Amino acid sequence: DKLLYLIFIIFHHPVRWGTLIYGKVCLKMKVFGKENIPHPPYILCSNHSSHLDGMLLSCIIRHKIRWLITRKHFENRKMRWMYRAMKLIPVNMEGMDSKAVRKSVEGLVDGDVLGIFPEGTRSKDGSIQDNVHLGAAYLAIKGQAPVFPAALKGTFAALPPGSSRVKKVPISIAFGEPIYPPDELSKANVEFMSGMIMDKIRELFDGLPDRNIDKDK
């Protein structure tokens, strides 16, 4: 794994800059609130409607992000080496995954940035889902790290689930101010903070401009 991580470090910056250039030139990407990016450790949370979401967020934020992804992705032998190289954390979406929790908290203690999509899976219509997982809030309180909220608009139209071709659709991304967790880990606090996270993501999403190719020419 150390060798794989070394390979990832070598290629990380060229890939990051390549993705950033593609986003700005081909997708006319606009970013708002970049000045709000905190110092690690923190947990990045956003809405999720496309495979582009994680790629674009990772290219904008200079900190290396350890994304939490469903364990089934690690069953793909062709991609498993890359997930290991990026130090992604596999999560069992059914019930409490104590191993994932331990790795995540250890990562926060070590100063890592975790990336979590509270919705769990990609939206089927581009809207923000109502049913969300409480994992982000739980880890924030347990690891005493802030949650950094973000929202993306346009990624669903550019690359919706099931599509393999990226359309040249303008994309907007907004970052909010960090949300700091309460000191006590309790069910009530986890649910309350989870609600705060999703309310902020929805607020950021609704505040983004509705753009189209004609308007941006």
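The model is predicted, so local features are given at pLDDT of at least 70 and side-chain atom pairs at pLDDT 80 or more, while totals for chains, interfaces and linings use all residues. Residues are numbered from 1 along each chain as its sequence is written, and side-chain values rest on heavy atoms, with hydrogens and water left out.

Let us begin with helix 1, which covers residues 2–26 and holds Gly-18. Helices here are DSSP runs of H or I with at least four residues, strands are runs of E with at least two, and both are numbered from the N terminus. Is Gly-18 buried, exposed or partly exposed? Its relative accessibility is 35%, so Gly-18 counts as partly exposed. The cut-offs are simple: buried is under 20% relative accessible area, exposed is over 50%, and partly exposed lies in between, using a 1.4 Å probe and protein chains only. Gly-18 and Lys-153 are 135 residues apart along the chain, and their C-alpha atoms are separated by 21 Å.

Moving on, you reach Lys-28 in the loop between helix 1 and strand 1. The backbone angle phi of Lys-28 is near 50 degrees, a positive value in a residue other than glycine. Lys-28 is partly exposed because its relative accessible area is 30%. Look for a second residue with this feature: Gln-144 also has a positive phi of about 50 degrees although it is not a glycine. Gln-144 belongs to the loop between helix 5 and strand 6 (147–153), and its 41% relative accessibility is why it counts as partly exposed.

The peptide bond from Pro-40 to Pro-41 is cis, with omega near 0 degrees.

Next come some buried residues. Leu-56 is part of helix 2, residues 52–60, and it counts as buried because its relative accessibility is 2%. Which residues does Leu-56 touch, not counting those up to four places away in sequence? They are Thr-19, Met-29, Thr-155, Ile-171 and Ile-173, where a contact means heavy atoms within 4.5 Å. Tyr-22 is 34 residues from Leu-56 along the chain, with 9.7 Å between their C-alpha atoms.

Ile-171, one of those partners of Leu-56, is in the loop between helix 6 (155–158) and strand 7 (172–175). Its relative accessibility is 0%, so Ile-171 counts as buried. Leaving aside neighbours within four places in sequence, Ile-171 is in contact with several residues, including Lys-28, Leu-56, Lys-153 and Arg-211. The C-alpha atoms of Ile-171 and Gly-18 are separated by 16 Å, and the two residues are 153 apart along the chain.

Ile-65 is found in strand 3, residues 65–70, and it is buried because its relative accessibility is 9%. Not counting residues up to four places away in sequence, Ile-65 touches Leu-44, Leu-57, Ser-58, Leu-88, Val-113, Leu-114 and Gly-115. Take Leu-114 from that list: it is 49 residues from Ile-65 in sequence, yet 5.6 Å away in space, C-alpha to C-alpha.

Helix 5 and helix 7 meet at an angle of about 115 degrees, with their axes 8 Å apart. The contact is made by Ala-136, Ala-137, Tyr-138, Ala-140 and Ile-141 of helix 5, together with Asn-189, Val-190, Met-193, Ser-194 and Ile-197 of helix 7. These contact residues divide into 8 nonpolar, 2 polar and no charged. In this grouping, Ala, Val, Leu, Ile, Met, Phe, Trp, Tyr, Cys and Pro are nonpolar, Asp, Glu, Lys and Arg are charged, and the others, Gly among them, are polar.

Which residues line the largest cavity? The lining is made by Pro-118, His-133, Ala-136, Ala-137, Ser-194, Ile-197 and Met-198. A cavity is a set of points, on a 1 Å grid over the protein atoms alone, where a 1.4 Å probe fits but cannot get out, and lining residues have an atom within 4 Å of a point. Helix 5 (135–143) and helix 7 (187–207) each supply at least two lining residues, and helix 7 gives the most, with 3. The lining divides into 5 nonpolar, 2 polar and no charged residues.

Key
On a 1 Å grid over the protein atoms alone, a cavity is a set of points where a 1.4 Å probe fits but cannot get out, and a pocket is an open set with protein on both sides within 12 Å along at least five of seven lines; lining residues have an atom within 4 Å of a point. Axes are lines fitted to C-alpha atoms, for helices over the stretch in contact, and angles run from 0 to 180 degrees between N-to-C directions.
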